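I opened my notebook to get to know a new protein. Come along and look with me.

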Amino acid sequence: MASISPPALASAVNNEVGFAYTFAQIAIERRLQDALNVQAAGLVRLVGDAAGSGSDVIRVTNIGGIGYNLAMSALASETAAITPSPFDLGYSTVTIADYGLAFEESYKAQILGREPAAMLDALVQTMPESFLRTLRDLTATTIAGFSTSVGSSGAALDMDHLLDLLAAFRENPGAGQPVVMLHPKQVSDLVDSIRSETTLSLSVSEFGGVQGLQGGAQTIRNFAGLGIDINMSTSVTTSGPDHVGGGYSAGGIGYAVGSTAGVRARGIDAIRIPEFGTIVTFPSSSSTNGKETAEARSFLGVAAGSSDVFVQRKILSAT
């Protein structure tokens with residue numbers, strides 16, 4: 001018991017019956033996060049499902065030397081024999097691998113927990129986002145493995161490098177529009193370089209359209225009026241002094257899953273997300289020692305398509 005002398009000061013009263021702090025009357029805030037969804041941005045396409053196939057390797061076949069790639073031969077006469085032509089077959093492969101994520105919570109934490117968003121049931125709801133993060137990281141790693149590059153190691157990315165990328169697509173008929181994924185620092189360097197382009201004379205609105213923030217979006221549509229969309233992500237890899245982004249034909253990177261629809265996980269609480277090749281379970285063995293565990297397992301692979309089919313360039317620039 002404490003004697004409170006007049007006047008009763010807040011510090012004296014709170015020391016006995018108050019709190020060191022209270023909680024804001026708003027929902028728990030999420031920390032800053034890179035939320036680029038490479039599926040929605042068109043950076044990868046689903047190329048197959050390994051479920052029931054007997055193999056964890058999927059081949060994506062391609063054919064060439066026919067159609068627009070094969071001209072007809074002139075004949076010596078109207079009765080001349082025609083020599084049959086060969087054609088080309090090739091393939092790329094995607095291999096399914098295992099990925100996992102788990103959260104654990106004690107029974108006492110469930111009893112005393114004050115913040116629902118920090119408890120196990122809410123954390124389980126974020127697991128599909130973690131799948132998409134994994135898919136994005138694997139996409140960035142695949143981009144870094146492209147054999148041909150534009151840009152200069154150790155140098156900031158500039159408009160000359162972007163024009164080199166566009167030239168690669170222009171000079172390969174049929175390549176289509178490039179899909180581009182860059183680190184935000186690469187985009188900042190690229191935007192900064194536009195200010196010194198002597199061939200550009202921008203109005204205030206055009207200047208704002210190029211230099212301004214894009215409403216918080218991680219995809220910049222029709223960058224600088226050049227007809228390409230640039231996707232920004234910190235998943236872009238770093239190699240030595242460089243960020244390694246990339247540009248490639250749509251479909252130039254593909255992913256495959258193993259559907260979990262047929263997994264015979266025991267217990268009614270199993271959550272299956274077949275299109276993500278993911279299943280969430282609550283192993284009964286984890287209930288010992290007064291705790292509960294949630295495990296997410298994903299069966300996923302990402303790989304580059306054949307360079308015979310797609311134009312693929314990694315984009316180097318200084319970190």
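**Entry 1: the overall picture.** I began by counting elements, and I found seven helices and 15 strands in the protein. I noted that this is a predicted model, so I am reading a prediction here.

**Entry 2: overall dimensions.** Next I looked up the radius of gyration. The protein has 28 Å, while a compact globule of 319 residues would have a value near 20 Å. I also checked the box filled by the C-alpha atoms, and along the principal axes the box is roughly 120 × 60 × 35 Å.

Entry 3: How much of the protein is buried? I read that buried residues are 34% of the 319 residues. The accessible surface comes to about 19,400 Å², and carbon and sulfur atoms hold 53% of that surface.

**Entry 4: contacts along the chain.** I looked at contacts with a separation of 6 or more, and 75% of them join residues 24 or more positions apart.

**Entry 5: one arginine.** Then I picked Arg-313, which sits in strand S15, residues 312-318. Is Arg-313 buried or exposed? Arg-313 is buried, and I found no salt bridge for it. The nearest side chain of opposite charge is Glu-171, 7.2 Å away. A salt bridge needs a nitrogen-to-oxygen distance within 4 Å.

**Entry 6: its neighbours.** Leaving out residues up to four places away in sequence, I listed what Arg-313 touches. Among them are Phe-146, Val-150, Leu-165 and Asn-172, and also Gly-245, Gly-246 and Gly-247.

Methods: Residues are numbered from 1 along each chain as its sequence is written. This is a predicted model: local features need pLDDT of at least 70, side-chain atom pairs count only at pLDDT 80 or more; totals for chains, interfaces and linings use all residues. Side-chain values use heavy atoms; hydrogens and water are left out. Helices (H or I, at least four residues) and strands (E, at least two) are DSSP runs, numbered from the N terminus. The radius of gyration is taken over C-alpha atoms; the globule rule is 2.2 Å times the number of residues to the power 0.38. Buried means under 20% relative accessible area, exposed over 50%, partly exposed in between (1.4 Å probe, protein chains only). Contact means heavy atoms within 4.5 Å. Accessible areas come from the Shrake-Rupley method with a 1.4 Å probe; for residues, only the protein chains shown count as cover. Lys and Arg count as positive and Asp and Glu as negative; His and the chain ends are not counted.
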